[in-house]
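Hi,

Here is the structure I promised to pass on to you. Have it open while you read, and my notes will follow below.

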Amino acid sequence: MLSQKAKIMKRLKLLALAITLLIISIIMIYPLSWTLITAFKTNRELFLDPWGLPSNPTFENFIKAVDRGNMGQAMINSLIVSLSSIFIISIIAPMAAYATSRIDFKFKGAVTNLLIAGFFIAPHAVLVPLLILLRDMGLVDTLLGLILSHVGWHLPFAILFMKAFFVSIPSSLQDSARVDGLSYYSMYRKIMLPLALPTILTVAIIMFISVWNNFLFAFIFLRSPSNFTVPINLLNFTTGRYGNDYVAQSAAVLISAIPTIVLYLLFAERIRKGVAFMAFGR
Amino acid sequence: MTQVQLEKVCKYFGETKAVDNVDLLVNDGEFMVLLGPSGCGKTTTLRLIAGLEKPTSGLILFDGEPVNELEPKDRRVAMVFQDYALYPHMKVFDNMALSLQVRGMPREEIRRRVLETAELLGIKHLLERKPGQLSGGEQQRVALGRAIVREPSVFLMDEPLSNLDAALRARMRGELKKLHERLKTTTIYVTHDQVEAMVMASRIAVMRNGRIQQIGSPQEIYSRPANRFVAEFVGSPKMNIFDAVVVTDDKNLKITTGAFDIDIPASMAQRILDRVLDREVMIGIRPEDIEVSTTYKEGYIEAEIYLVENIGNLSFITFEVDDVLIVAQAPPSFELGAKDKAYFRMSTAKLHIFDKKTEELII
């Protein structure tokens, strides 16, 4: 009798879980699907029937977004900023992580803590000093300034992530390399770096998505529309000339999401593992 | 060919003393085994010799020259690690060749040496594979090959067989011994496995709590252990040890445990009398030095059997006398079982007498 009751309770719990997940999924998917549908409509169609499917799907909006909404230039800018940032991060982060995990040197603890402290600072706290720094260096409204800011901002996370990897490499491997006569640099280049490549790739993907989607730094540090990256360029469609052009705006949003969606489709497993690694350390 | 010497070597990790005042001389071409339980400092001692750790105090000498400040590569040592530490992304050939490349050896010479070593170890067919594609035994050979190919002055081995299964371990034990006989390179080998130590060593240094307890040939360590720890650590089943007092009864000298007495023959009496009379001691005797009988014989002690363990070629009989458990060795044909009565006699010539306080060997 009791087990019967327990069974019913278990099923009820599963049902409640399924309903909750369904509601969350709808909340997540609804705006996306609305954007997708809207991107293929005309403005007139949108106002007549906001929820309906496009009667005559058109690519007009995408062309408009790229041609007149500066989305093409913004995509190129975003690619330059994202790829350059992750390139620099991918070179510096593994080195810093290796050194602070595997080499004994003076003030190692202090250096490590300083590197990682950056992880816990809110971006708003550094905006003003960073802006002043970039201004003094003549890098405001340049892609280079934005790239350097992203590198600095994302390094703590990348180092922390890479450290978890280097710590997991058995110390005997390093001992063995030392006995083989390798210097610290050759040890890094010949042994550690090849082993770290898959982890570096994971970090690079996560960093790419983060840099690509970053709005705040680009919004504060960039001024000229020709330098705009995708997230701030989308503002073009909410104010001014295209302020009411919801269909073009939807097309632009979809375009902006393409690289991250492609990246996710290609590396879903790696990203999923990386996120689990961040949460659980393994 | 190198002689390795440690003089009053200490190593602290913070407050912990891992190696405590170790003096050790490993002769040219010798196979020295550092034996001890985990955490006894044997691996740290090996790492000190390798140059992977720096001693807190003391001197490490190779052929009489201090090497304390030398990096591992400059000591010309080769080390085999417990987990083999093969570079997972490199082929076996590159694993073996790396140290030679670092030394700037010509490619042809590297190739010749690697092939020669691979031939010696029977791993020539594995050269193009990566470590992940090899079995444990094959990885072990590659690790060994990587050490041999460098023609080092000293081999350092840190429990290299402990990750293998029992059968392979026994085989590799023999092969390592053969290899040493052939290469005659000074070898320092760390293990917690006393069988490995007994089989392979020219000499054994038994360690405990960072200190060396005894250094000697396997036979010396087994038959004349310097203290209770060595006596119990070496030998399986371990030596029987129990508290006793040596007393005189008229003319006869006896060792009494409270549960039973052991008569000392006149030939040994004087030697024992001088050193241990009325002192609290511990008596040690190995299972094979206790004779077992199913029937009463002169001088045998009657006792109840607690446990019989037949391992095929031998039986180990555990007797319970009062609260003392005594293990004796018997032929596999021994028929009695638990709760039965049987008789045993200790061979007095094979008794070891330890001081109860210091646990050092007296006789």
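A word on naming before anything else: helices (H or I, at least four residues) and strands (E, at least two) are DSSP runs, numbered from the N terminus. Residues are numbered from 1 along each chain as its sequence is written, while chains are lettered from A and ligands numbered from 1 in the order in which they are written. Please keep in mind that this is a predicted model, where local features need pLDDT of at least 70, side-chain atom pairs count only at pLDDT 80 or more, and totals for chains, interfaces and linings use all residues.

Let's start with a loop. B:Pro237 sits between α8 (228–233) and β11 (240–249) of chain B. The peptide bond leading from B:Ser236 into B:Pro237 is cis, and its omega is near -5°. For background, most residues other than glycine have a negative phi, and most peptide bonds are trans.

A:Phe107, in the loop between α4 (71–102) and α5 (108–117) of chain A, has a positive phi of about 60° without being a glycine. B:Glu151, in the loop between α4 (136–148) and β7 (154–158) of chain B, has a phi near 50°.

Are these two buried or exposed? The rule is that a residue is buried if 20 or more other C-beta atoms lie within 10 Å of its own, exposed if 12 or fewer, and partly exposed in between, with C-beta atoms placed from the backbone. A:Phe107 has 9 such atoms, so A:Phe107 is exposed. B:Glu151 has 13, so B:Glu151 counts as partly exposed.

**Chain B as a whole**

Chain B has nine helices and 20 strands, and its C-alpha atoms fill a box of roughly 80 × 45 × 35 Å along the principal axes. Of its 363 residues, 39% count as buried.

Five residues from each domain of chain B make the contact between them; "in contact" is used for two residues whose C-beta atoms, placed from the backbone, lie within 7 Å.

Chain A is also divided in two, into domain 1 (2–38) and domain 2 (61–280), with 34 Å between the C-alpha centres.

**Sheets in chain B**

Which strands make up the open sheet of six? In order, they are β6-β7-β8-β3-β9-β10 of chain B, with mixed pairing. Two strands pair if DSSP finds at least two bridges between them. At the edges are β6 and β10 (211–216) of chain B; each has a single partner strand, so one side of each has no neighbour in the sheet. Within this sheet, β3 (residues 31–35) and β9 (residues 203–208) of chain B pair in the parallel sense over four bridges, and B:Leu35 has B:Val206 as its bridge partner.

Now look at β19 (residues 341–346) of chain B. One face is covered, with B:Ala342, B:Phe344 and B:Met346, and the other is uncovered, with B:Lys341, B:Tyr343 and B:Arg345. Strand β15 (residues 290–293) of chain B pairs with β19(B) in the antiparallel sense over four bridges, and B:Glu291 stands opposite B:Arg345. Strand β16 (residues 301–310) of chain B also pairs with β19(B) in the antiparallel sense over four bridges; there, B:Glu304 stands opposite B:Lys341.

Beyond its neighbours within four places in sequence, A:Met162 is in contact with residues including A:Ala93, A:Ala196 and A:Val203.

Finally, how many residues of chain B touch chain A? There are 17, in contact with 13 residues of chain A. On the chain B side, β6 (77–80) and α2 (92–102) each supply at least two residues.

Happy exploring!

Note on methods
Domains from an automatic or database assignment.
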